[in-house]
Number of protein chains: 2
Amino acid sequence: MEVQIAAAKTNKYAVSESGDTLEVVERPNGGVSVVLADGQTSGRGAKAVSMLVVRKVISLLAEGVRDGAAARAASDSLYTDKQGKVSSTLNIISVDLHTGTVVLTRNNPAPFYIAHREQIDSIVTDSSAIGVSRSVRPVITEIPVEPGLVIVLNTDGLSHAGERIGRPMDICTSLKAMLEDQDPSPQAIADALLAEAVAVDEDRPSDDISVVVLKVLKRHGDNVRRMTVRLPINVAR
Amino acid sequence: MEVQIAAAKTNKYAVSESGDTLEVVERPNGGVSVVLADGQTSGRGAKAVSMLVVRKVISLLAEGVRDGAAARAASDSLYTDKQGKVSSTLNIISVDLHTGTVVLTRNNPAPFYIAHREQIDSIVTDSSAIGVSRSVRPVITEIPVEPGLVIVLNTDGLSHAGERIGRPMDICTSLKAMLEDQDPSPQAIADALLAEAVAVDEDRPSDDISVVVLKVLKRHGDNVRRMTVRLPINVAR
């Protein structure tokens, strides 16, 4: 099998810095984890918060700490640092080669989506952001790694896209249409969802938007790990 | 402009775990850094060493520490931890949006390659691995971010490929041929170099091999950051 993970990320309109932070790290016992945080508000302040959260989580994961414990630690750390006044959403998606599962750790009111065969489930279990109290706990979902599995994770910029103009986006329906029509790559899914959100926001996203898509493929080609990063830049020179 | 970074990574033949560790992190002041370490020997022990080094470097970079200082700190940290008995190579390649440059920090006897227009330079300045003494210092090269720039970085698995059978690989020539013929994506360059190394090693790589390729493109499409990870897995179930 091959696990493919893709991410697409853009900023709120007219804000130069995204308040979302997304990092991918290798797990010490095999596999990878994607950590996504969305700091309260937007711009530089939000970025500092989401970086603090993601940095805490990845350093713990790299030491072998379990995902749920890392999320609780990040929450306590943020709570202590900001006296409970600043929240952040946090999602961790881990491919654990040890257990052969995908582990989803969620501190985010926004749902995530699991597609397998013709079925798309939207996971909406109540879940609160981190940093606001001493008793925050993540919602953890564990799913076997199987060919055909597609998981979509996003920050609330995607869920709330289009609300300003009263035309909210229906992520589940968009995802269903894509998966029925063809066998899209995770990057194609992430790009299409992000493009739709930007379109319903009339090309001026009202929040930072990040989309992560994980897909498990049956094919097993060479034994090579691959990674690509694409970074649009404006160098003022 | 758009900066694209691609990596391809495989294990030494018959060793389940690569001793190379590669991580990409966002820089707190904008841009990204790729950190690549190759721990001495191979397998589990080497992996622990390279993870220790990379983890140290990324945590410092995330705090805003400069690349050269992070490399020295990682060297001292490894020296202290292993009493100077274990070495590791270390390369950091950073796209610094603040200065509009690519900063290459190198503690690795293996050269790296810079291609711009028809010119390919192989940077071979003497540089030693980290962790072996208290006076290790990195070689730092800074290059303006310009369309057409291609940088290739690798662990010694690539430089030494084919030596066992007396048919060493000439990375510079292979790279030149690729760049003259077409306008390959960084992933295509990384994949082709890795495939050639595996071929001259007769499909049984005599060391872990990691290749990182950075390319600067002129085109500026949407303002979306993208990332893809592809992870071949064998789940024993």
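How much area do chain B and chain A bury between them? In this predicted model, the two chains bury about 5500 Å² between them. Of that area, 53% lies on carbon and sulfur atoms. Three residues stand out on chain B. R226(B), R230(B) and L231(B) supply 15% of the area that chain B buries against chain A.

Now take the symmetry. Two copies of a chain are related by a rotation about an axis and a shift along it.

Next, look at the contacts. On chain B, 55 residues are in contact with 55 residues of chain A. Between the chains, 27 residue pairs are in polar contact. Strand 1 of chain B gives the largest share of the side that touches chain A, with nine residues. That side of chain B holds 25 nonpolar, 13 polar and 17 charged residues.

Charged side chains also meet across the interface. Six salt bridges are found there. R226(A) and D191(B) form a salt bridge through their side chains, at 2.8 Å from N to O.

Finally, follow the strands from one chain to the other. Strand 1 of chain A, residues 2–10, runs antiparallel to strand 11 of chain B. Eight bridges join these two strands. A7(A), for one, has M227(B) as its bridge partner in strand 11 of chain B.

Conventions
Residues are numbered from 1 along each chain as its sequence is written. Chains are lettered from A and ligands numbered from 1 in the order in which they are written. This is a predicted model: local features need pLDDT of at least 70, side-chain atom pairs count only at pLDDT 80 or more; totals for chains, interfaces and linings use all residues. Side-chain values use heavy atoms; hydrogens and water are left out. Contact means heavy atoms within 4.5 Å. Buried area is the accessible area (1.4 Å probe) that two parts lose on being put together, summed over both. A salt bridge is a side-chain nitrogen of Lys or Arg within 4 Å of a carboxyl oxygen of Asp or Glu. A polar contact is a pair of N or O atoms within 3.5 Å; within protein, one must be able to donate a hydrogen and the other to accept it, and residues adjacent in sequence count only if both atoms are side-chain atoms. Helices (H or I, at least four residues) and strands (E, at least two) are DSSP runs, numbered from the N terminus. Ala, Val, Leu, Ile, Met, Phe, Trp, Tyr, Cys and Pro count as nonpolar, Asp, Glu, Lys and Arg as charged, and the others, Gly among them, as polar. Two strands pair if DSSP finds at least two bridges between them.
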